[in-house]
Amino acid sequence: MNGTQNRASAQCFRIIEILRDSSNGYVSGAVISDKLGMSRTAVWKHITSLRKMGYRIEARHSRGYRLKGDDDLYNGYEIAGGLDTEIIGKDVHFYPLAGSTNNIAYKLAKEGAPEGTVVMADGQTNGRGRLNRRWESPPGVNIYTSIILRPSIPPMDAPKLTMLSSVAVLEVLRTFLPNSLFLKWPNDVLVGHKKISGILAEMDAEADRVRFVILGIGINVNIEKEAFPSELRPLATSLIEETGCRASRATLLKDLYFSLERWYKLFLESGFEPVRERWERYGLLDGKEVAVRQFGTTIEGIAVGIDSDGALFVRRSTGEVTRIVAGDVVADLG
Amino acid sequence: MSLKEIKELYRFLKNTDIVEFELEQPDLKVRLKRGVPQRPDVDVVQSGVRQVTSPGVEKEKVETKKNLHTVVSPMVGTFYRAPSPEAQPFVEMGSVVEKGQVLCIIEAMKLMNEVESEYGGKIVSILVDNGQPVEYGEPLFLLEP
């Protein structure tokens with residue numbers, strides 16, 4: 001975490017530590033203010049901001065404060081605290097409610113935020129996907145994060161990072177769903193026919209140099225089917241829908257940052273081939289009939305693989321093979 | 001009319017006996033005239049601005065570079081003039097843009113690249129249609145400083 005958020009959080013979390021130490025009882029405001037050398041008003045202010053972060057803190061007159069459960073606590077401190085990475089997540093910006101984590105990360109990157117800075121939000125009011133489509137982002141249930149990378153690669157190699165991200169997401173989710181995860185070109189993660197994770201990347205580049213890439217990743221974790229808008233129900237799923245179990249978002253996100261970093265380092269050291277190989281193992285489209293919707297046109301044919309840059313090849317009925325770098329792939333995945 | 005179309009017109013006329021050709025549209029006037037040396041003059045007036053005057057295609061390219069800034073695609077992808085299908089284009093013909101202003105988006109594999117203008121100036125030509133594929137280094141816009 002950074003800046004004022006960090007300093008305020010450090011004080012806040014000392015309160016959490018005190019409450020956790022006496023998890024079976026109440027701690028009075030006076031005791032906390034003594035232990036931390038702050039006024040009782042300051043304690044109350046911190047309690048208020050902790051509640052905003054999602055901590056369920058009960059306050060009883062004459063008894064004090066009590067932490068109710070420790071369930072899936074999700075904030076910057078919980079993430080930065082236990083993160084075993086060198087680059088990704090070394091600077092964590094947490095928002096209880098963000099407009100769009102990608103927009104925030106883009107702005108931070110423009111202002112010079114270092115590689116590995118991450119933005120994470122409990123919920124988004126303006127979560128978005130490709131071509132400004134809405135990404136459902138209710139608070140309290142899912143992962144919404146954007147990662148700033150500054151790779152020394154030419155801009156034309158940057159799209160490979162989006163496929164790399166989908167491979168990293170798949171790897172993390174595979175511990176829960178070992179047999180039913182697939183990748184849809186270029187970077188959707190599916191369970192059966194339904195989308196569990198979406199990735200939208202944005203780049204700022206000069207003609208020959210990447211200034212930064214923002215990897216925006218949304219994962220449906222604990223959202224239940226009924227919480228999706230009805231039109232999305234046939235198309236979207238979540239971890240809890242597939243496994244029946246609530247997962248810790250904090251643990252999942254830390255695993256995701258770790259996995260992303262591992263693949264990113266491998267990509268910088270060994271190129272795209274390891275990513276491509278892994279992608280192909282889970283890529284669904286080979287030999288399938290597909291329709292690729294682009295602006296105003298649709299290309300129909302048989303998917304015949306991806307090339308060394310990750311572009312999709314579609315063989316059309318005329319025998320002509322079209323190389324596709326952008327578009328919506330619609331396929332019969334049955 | 002794009003520079004590409006003008007070039008096509010030029011190539012077409014070169015193979016005919018036509019000595020002089022004039023086309024007038026509300027915001028554009030093109031006059032192609034073949035002079036005494038075998039090569040024709042290309043005289044383009046666009047939005048009231050004298051854009052290119054040169055005796056041949058080769059020199060025309062050089063002069064284009066000298067007079068106008070060319071914004072090229074930094075990667076292979078799909079060219080979008082607006083952030084979403086419903087939204088207004090980032091720029092139109094004749095838009096005056098500042099350095100750093102977003103001109104378009106190039107998408108490849110769900111990586112969206114907002115292409116910013118490296119110069120301030122006026123958009124005098126938009127060379128690619130919305131939603132079309134573009135190659136690395138392909139000219140997208142011509143800017144008059």
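# Briefing: chains A and B of a predicted model

In chain A, β8(A) and β9(A) form a hairpin, with four residues between the two strands. Strands here are DSSP runs of E of at least two residues, and helices are runs of H or I of at least four, both numbered from the N terminus. This is a predicted model, in which local features need pLDDT of at least 70 and side-chain atom pairs count only at pLDDT 80 or more, while totals for chains, interfaces and linings use all residues. Residues are numbered from 1 along each chain as its sequence is written, chains are lettered from A and ligands numbered from 1 in the order in which they are written, and side-chain values use heavy atoms, with hydrogens and water left out.

**Strand β9 of chain A and its partners**

- Strand β9(A) covers residues 210-219, and nine of its ten residues are buried, so the strand is largely enclosed by the rest of the structure. Buried means under 20% relative accessible area, exposed means over 50%, and partly exposed lies in between (1.4 Å probe, protein chains only).
- Strand β8(A), residues 194-205, pairs with β9(A) in the antiparallel sense over nine bridges. Two strands count as paired if DSSP finds at least two bridges between them.
- Gly198(A) has Gly218(A) in β9(A) as its bridge partner.
- Strand β5(A), residues 143-149, is also antiparallel to β9(A), with seven bridges between them. Here Ile147(A) has Leu215(A) as its bridge partner.

**Helix α8 of chain A**

- Helix α8(A) runs over residues 249-270, 22 residues in total, and reaches 31 Å from its first C-alpha to its last. That is close to the 32 Å expected at 1.5 Å a residue, where the expected span is 1.5 Å times one less than the number of residues.
- Its buried residues include Leu252(A), Leu253(A), Leu256(A), Leu260(A), Trp263(A), Tyr264(A) and Phe267(A).
- An α-helix has 3.6 residues a turn, so residues three or four places apart point the same way.
- Gly271(A) follows the helix and has a positive phi, near 85 degrees.

**Chain B**

- Chain B has two helices and twelve strands, in the sequence pattern α-β-β-β-β-α-β-β-β-β-β-β-β-β.
- Of its 145 residues, 46% are buried.
- Among contacts in chain B (heavy atoms within 4.5 Å) between residues at least 6 apart in sequence, 49% join residues at least 24 apart.
- Four strands of chain B make an open antiparallel sheet in the order β5-β12-β10-β7. Its edge strands are β5 (69-72) and β7 (96-97), each pairing on one side only.
- Two bridges join β7(B) to the antiparallel strand β10(B), residues 121-126. Val97(B) stands opposite Gly121(B) in β10(B).

**Interface of chains A and B**

- The contacts involve 35 residues of chain A and 22 residues of chain B.
- About 2,400 Å² is buried between the chains, 61% of it on carbon and sulfur atoms. Buried area is the accessible area (1.4 Å probe) that two parts lose on being put together, summed over both.
- On the chain A side, Leu131(A), Phe295(A) and Val325(A) lose the most area to chain B, together 27% of what that side buries.
- Three salt bridges cross the interface, each a side-chain nitrogen of Lys or Arg within 4 Å of a carboxyl oxygen of Asp or Glu. One of them joins Lys110(A) and Glu116(B), with the closest N and O atoms 2.8 Å apart.

**Cysteines**

- Zero disulfides are found over all chains, taking a disulfide as a pair of cysteine sulfur atoms within 2.5 Å.
- Cys245(A) is partly exposed, at 47% relative accessible area, whereas Cys104(B) is buried, at 0%.
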